[in-house]
Amino acid sequence: MGEQGVDETILEVQGVHTFIGQHHILQGISFDAKADAVTVLIGRNGAGKSTALKTVIGLLPSSKGKIIYKGKEIQKNRPFEIARMGIGFVPENMGIFSELTVEENMRVAMLVENEATARRLDRTLEMFADLKKFWKAKAGNLSGGQKQMLAIARAIVNDTSLLLIDEPSKGLAPIIVDAVIDAINRIKEHSVVVLVEQNFYMASSVGDYFFILDDGMVAHAGHVEALIQDEALQSKYLGISEAEE
Amino acid sequence: MAESILRRWNQELTIAGAIVLLLLPLIGIQPKTYLTLTIAGIAMGMLLFLVASGVSIIFGLMDVLNFAHGALFAWGAYVGFTVFKYLMKWVVADSVLQNLAVFFIAIVAAMVAVALLGVVLERVIVRRVYGNHLFQILITFGATIVLVELIRVFWGPNDETMTVPLTFAGNWDIMDVIVYRYRVICIVIGAMVYAVLQLILKKTKLGTIVRAGVEDRDMVQAMGHNIYLLFTGVFAVGAGLAALGGLAMSIFSLQVYPDMGGTYLLFAFIVVIIGGLGSVTGSLVGALIVGLTYNYVAYLVPWAAAGVNILIMIIILLIRPTGLFAAGK
C-alpha cells in the first residue's frame with residue numbers, strides 16, 4: 001500500500017457482461033476501486049452487486065469486457081489464480097466451512113505459512129478476539145457475527161491488496177454491525193476494499209466512493225459524502241425515505 | 001446446557017441402540033457361530049469400505065457420480081491377478097515373507113496402475129461434465145463399458161481363479177470359533193486404510209483443504225487453492241482405493257471376472273447412502289452395517305439377505321436423507 005498514490009486505481013472493471021444461465025445479469029458494468037479507499041457497490045436486490053464481485057474473483061465468467069487488476073487483465077484467469085494475486089473474497093453467505101474448526105478455517109485460508117503470515121494472523125486475532133477464544137471450536141457453532149468475523153479474518157490473513165466483501169452486515173444485530181464497521185475501517189489501512197452493501201448506514205460509515213447499480217448497470221457514481229447529501233438519489237435507487245433515516 | 005445434555009443423551013442412546021442391534025442376532029444364532037459371522041461381516045464391511053470410501057470422497061468433493069468406480073475395482077483385481085500369475089511361486093511358497101511380498105507388490109501395482117487410469121478418466125472424460133449429474137451418469141456408464149471390454153481384450157472373457165497367498169489360506173480355530181485368516185487380513189487392511197485416510201484428512205493441510213472443498217468448492221477456489229488439481233488427486237486416490245478393494249475382494253471370493261465391479265458398486269452406493277455422501281467415517285459405519293447385516297441375515301433367512309440392506313437404505317433415506325454422518329466427517 002505504501003507505494004500506491006491516493007488516486008491510483010487498483011481495480012478497473014470495464015464494460016463487463018455476465019450471464020447466469022440464460023439470465024443477463026451484468027449488462028456492461030464499469031467501476032473502479034482506488035487505492036487507500038473503500039468503494040461501495042449499492043443498489044436494490046437483484047441489481048447485480050453480488051454477481052459483480054463473483055465476476056471479479058472469477059467464480060462467474062464474464063462474457064464481455066475487461067477486468068484489470070494492478071494493470072493486468074484478469075477476466076480470463078481462474079478463481080484460485082486471481083486469489084493468489086492478492087484478492088480476498090468474503091461472500092454473502094460468508095462461505096464458512098462449518099464442519100471445520102476456526103483454526104482449520106484459518107489454515108485453509110493461509111496460502112503460505114511463514115513469519116509474515118504469522119504476524120498477520122496475530123494482528124487479525126487481535127482485531128477479532130472472539131476467534132482466539134473459540135479457536136478450537138467448530139465454526140458451524142459460532143454466532144452470526146463471529147462467523148462474519150471469521151470470514152473476514154480468512155480473507156485478510158494473506159497478503160491481500162484488494163478485499164471484496166459481500167454484504168457483511170446482512171442478518172447481524174446493530175451492535176455487531178458497528179464491530180464490522182470498525183473492522184473494515186482498520187482493514188482499510190492495509191487493503192483496498194470493495195464492499196457490496198444494502199445497509200446504507202454501513203455503506204455511508206465506511207465508504208469513500210460509491211457506485212449505484214440498477215439492472216446490471218451503473219446508474220450513478222461519486223463520493224459517498226455526496227450521496228449522503230442527495231436524498232432524492234437515495235430515495236430513487238435505494239428506497240430510503242426521510243422517515244427511515 | 002440443556003442442549004448439550006440432550007446431545008449427550010442422544011449419543012448414548014445411539015450407542016446403546018447400536019449395541020442392542022448388534023447383539024440381536026444372538027436370539028437365533030449360537031454364540032460361536034455368531035462370532036464367526038461377526039468376523040465375516042466385519043471383513044466384508046471393510047472390503048466394501050474400500051470401494052465405498054472412494055465413491056463417497058469423489059462425490060463429496062467433486063459432486064461427481066462416478067459409475068465407472070466398479071470398472072476401476074475390476075481393473076484393480078485384474079492387475080493384482082496378473083502380479084500373482086507372474087509371481088505364482090511366491091504366492092504358493094511356504095514362506096510368510098514371500099507371501100507378504102507378493103501381496104504387497106500386487107497392492108502397489110493395482111493401486112498405482114488404477115490411480116493412473118483414474119487420472120486419465122478424470123482429465124479426459126469426467127472434467128467435461130462437472131456440474132451435470134445426468135451427463136456424469138451417462139458418460140461414466142459409457143466408460144464402464146469401455147473399461148470392462150478392455151478387460152476382456154487384455155485378459156479374456158472368462159472367469160479366472162484367484163489364488164490366496166499360502167499364509168492367508170486356511171483358518172484358526174480359537175475355542176471352537178472358526179476364524180478365517182484372510183478375513184482378519186481384510187479387517188486389518190480396512191482399519192489401516194481408514195486410519196491413514198483419517199490421518200490425512202484430519203491432520204494434514206491438504207486433508208483440511210479437501211474437507212473444506214467437500215463443504216464449499218467455490219470458497220476453496222476463492223482462497224487460492226487449485227481445486228482442479230485437487231479433483232484429479234482425489235479421483236486418483238478414489239480409483240486407487242477401488243483397486244485395493246477389487247484386489248482384496250477377488251482374493252476373498254477366489255475369482256476375477258470382467259463384470260465383477262457391477263455387483264460391488266451397488267453395495268458401495270448402498271453403503272454411502274447409509275453412511276452419508278462425502279464422509280469417510282460414514283462409509284466405514286455404513287459398510288460395517290451392510291457387511292454384518294448381510295452375514296447375519298444370510299445365515300438366518302438366506303432368501304432375504306440381498307434385500308435387507310436395501311430395506312436399511314430405504315429406512316435411512318426416510319429418516320435421515322443425508323445419511324448417518326455429515327459430509328467431511
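**View 1. A:Lys147 counts as buried, with 22 C-beta neighbours inside 10 Å.** "Buried" here is a matter of counting: 20 or more other C-beta atoms within 10 Å of a residue's own make it buried, 12 or fewer make it exposed, and anything in between is partly exposed, with C-beta atoms placed from the backbone. This lysine sits in helix 6 (residues 144–156) of chain A. Helices (H or I, at least four residues) and strands (E, at least two) are DSSP runs, numbered from the N terminus. Setting aside neighbours within four places in sequence, A:Lys147 is in contact with A:Met94, A:Ile96, A:Ala139 and A:Leu142. Being "in contact" means that two C-beta atoms, placed from the backbone, lie within 7 Å. A:Ser62 is 85 residues away along the chain, and its C-alpha atom is 30 Å from that of A:Lys147.

Before moving on, keep in mind that this is a predicted model, where local features need pLDDT of at least 70 and side-chain atom pairs count only at pLDDT 80 or more, while totals for chains, interfaces and linings use all residues. As for the labels, residues are numbered from 1 along each chain as its sequence is written, and chains are lettered from A and ligands numbered from 1 in the order in which they are written.

**View 2. A:Glu167 is a buried residue in a loop of chain A.** Look for it between strand 7 (162–166) and helix 7 (174–187). A:Glu167 has 22 other C-beta atoms within 10 Å. Beyond the neighbours within four places in sequence, A:Glu167 is in contact with A:Glu92, A:Val196, A:Glu197 and A:Gln198. From A:Glu167 to A:Ser30 is 137 residues in sequence and 20 Å in space, C-alpha to C-alpha.

**View 3. Two residues other than glycine, A:Lys70 and B:Met175, have a positive phi.** For A:Lys70, phi is near 50°. A:Lys70 belongs to the loop between strand 4 (62–69) and strand 5 (72–73) of chain A, and its 16 C-beta neighbours inside 10 Å make it partly exposed. Over in chain B, the phi of B:Met175 is about 50°. Its loop runs between strand 2 (171–174) and strand 3 (177–180) of chain B. B:Met175 is exposed, with 6 other C-beta atoms within 10 Å.

**View 4. Chain A meets chain B through 19 residues of chain A and 19 residues of chain B.** On the chain A side, helix 2 (79–84) and helix 3 (102–109) are the elements that give two or more residues. Sorted by class, that side has 12 nonpolar, 2 polar and 5 charged residues. The sorting goes like this: Ala, Val, Leu, Ile, Met, Phe, Trp, Tyr, Cys and Pro count as nonpolar, Asp, Glu, Lys and Arg as charged, and the others, Gly among them, as polar.

**View 5. Helix 3 of chain A packs against helix 8 (residues 205–215) of chain B.** Their axes are 9 Å apart, at an angle of about 100°. The two helices are therefore roughly perpendicular to each other. That label covers 65 to 115 degrees; under 35 is roughly parallel, over 145 roughly antiparallel and the rest oblique. Axes are lines fitted to C-alpha atoms, for helices over the stretch in contact, with angles from 0 to 180 degrees between N-to-C directions. Helix 3 of chain A brings A:Glu104, A:Arg107 and A:Val108 to the contact, while helix 8 of chain B brings B:Lys205, B:Thr208, B:Ile209 and B:Ala212. By class, that makes 3 nonpolar, 1 polar and 3 charged residues.

**View 6. Helix 11 of chain B is largely enclosed by the rest of the structure, as 13 of its 16 residues are buried.** One residue of this helix is B:Ile274, which counts as buried with 26 C-beta neighbours inside 10 Å. Not counting residues up to four places away in sequence, B:Ile274 touches B:Gly286, B:Ile289, B:Val290, B:Ile312, B:Met313, B:Ile316, B:Gly323 and B:Leu324. After helix 11 of chain B comes B:Gly276, with a positive phi near 110°.

**View 7. Helix 13 (residues 305–319) of chain B has a buried side made of B:Asn309, B:Met313 and B:Ile316.** These residues cover an arc of only 65° around the axis, which puts them on the same side of the helix; the arc is that of the directions from the helix axis to the C-beta atoms. Helix 11 (260–275) and helix 12 (280–300) of chain B are among the elements that cover them. Turned away from the buried side of helix 13 are the exposed residues B:Gly307, B:Ile310, B:Leu311, B:Ile314, B:Ile315, B:Leu318 and B:Ile319.

Technical notes:
Expected span 1.5 Å × (residues − 1).
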